[in-house]
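Here's a quick, friendly tour for anyone meeting this structure for the first time. Take a look at the sequence and the model, then read on.

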Amino acid sequence: MTELKEVFEKAFPFWDSLTEEEQTEMILGTTKNVCKKKTKLHFGGGECAGVQIIEKGRARIFITSPNGGDITLFRLVDGDVSILSAACMLNGMDVELDMEMETDCIVYTIPKKLYKNLYDENGSVKDYTMEMISEKFSDIMWLFNQFVFSNVASRLAGALLEHRALEGSDILPVTHEVLARDAGTAREVVTRLLKQFQDDGMVRLTRGKVEILDAGRLGKV
């Protein structure tokens with residue numbers, strides 16, 4: 001119980017505005033799950049998972065096209081809150097999203113009904129929720145603008161720099177398929193562009209890994 005309270009204190013700026021009864025209800029109603037790497041979850045279609053917290057690990061949030069392809073929207077890491085998984089509790093709002101665990105993850109889930117009661121009764125919870133949903137949709141709109149108005153090479157360079165930040169290293173254990181999802185293009189295009197980046201001295205390619213040699217130049221692609 002103490003462990004979960006600490007998780008909530010870090011994750012939610014509204015925690016101290018809740019009554020002791022609301023805090024206890026939230027702690028007792030939350031479930032903890034250990035999700036193995038490559039576990040996939042689907043949200044939407046009128047079904048809300050509730051609000052999720054990634055206590056430990058990394059997860060990719062993406063959308064899937066009718067033909068089975070997918071595009072990465074954003075990632076969640078230690079301490080991040082997946083607020084869009086509860087977006088359908090708001091009238092007229094429903095989004096179809098998928099989550100894939102990129103590492104083993106510890107996930108806490110606050111059920112939709114419990115969170116909605118807090119949302120309806122506590123102004124701080126409502127303000128936080130609307131701000132977070134608005135922020136995520138702004139991020140998604142920025143991403144789609146990138147897909148529309150920037151070239152594939154620029155998006156691939158951005159994806160490489162994102163993985164560099166996530167790994168904290170210039171050596172990235174990332175596949176061409178993952179980079180293709182992040183850049184919104186085909187794997188064959190990624191392979192061709194990475195070879196060009198290598199010829200230009202910005203990266204070095206080895207089996208299953210990409211080593212960044214010049215992050216400054218990648219940021220200007």
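## Charges over rings

Let's start with Lys-136, which lies over the face of Phe-74, at 4.2 Å from the ring centre. Keep in mind that this is a predicted model.

There's another case to look up: Arg-60 lies over the face of Phe-62, and here the distance from the ring centre is 4.1 Å.

## Rings that pair up

Now for the aromatic side chains. The structure holds five aromatic pairs. One of them joins Phe-8 and Phe-12, with 5.7 Å centre to centre and 40° between the planes, so the pair is tilted. Phe-12 also pairs with Phe-14, and that pair is stacked: the centres are 4.8 Å apart and the planes sit at 20°.

Phe-12 has 1% relative accessibility, so it counts as buried. Phe-14 is buried too, with a relative accessible area of 3%.

Next up are helix α5 (residues 152–167) and helix α7 (residues 187–199), whose axes come within 11 Å and cross at roughly 80°. The two helices are therefore roughly perpendicular to each other.

Which residues make the contact? On the α5 side they are Val-152, Ala-153, Leu-156, Ala-157 and Leu-160, while α7 brings Val-189, Val-190, Leu-193, Leu-194 and Phe-197. Sorted by type, the residues of this α5–α7 contact come out as 10 nonpolar, no polar and no charged.

Methods:
Residues numbered from 1 in each chain as written. Predicted model: local features only at pLDDT ≥ 70, side-chain atom pairs only at ≥ 80, totals over all residues. Heavy atoms only, no water. Axes fitted to C-alpha atoms, helices over the stretch in contact; angles between N-to-C directions. Helix = DSSP H or I, 4+ residues; strand = E, 2+ residues; numbered from the N terminus. Parallel < 35°, antiparallel > 145°, perpendicular 65-115°, else oblique. Contact = heavy atoms within 4.5 Å. Nonpolar A, V, L, I, M, F, W, Y, C, P; charged D, E, K, R; others polar. Phe/Tyr/Trp six-rings, centres within 6.5 Å; stacked < 30°, edge-to-face > 60°. Buried < 20%, exposed > 50% of the residue type's maximum accessible area, 1.4 Å probe, protein only. Lys NZ or Arg CZ within 6 Å of the ring centre and 35° of its normal.
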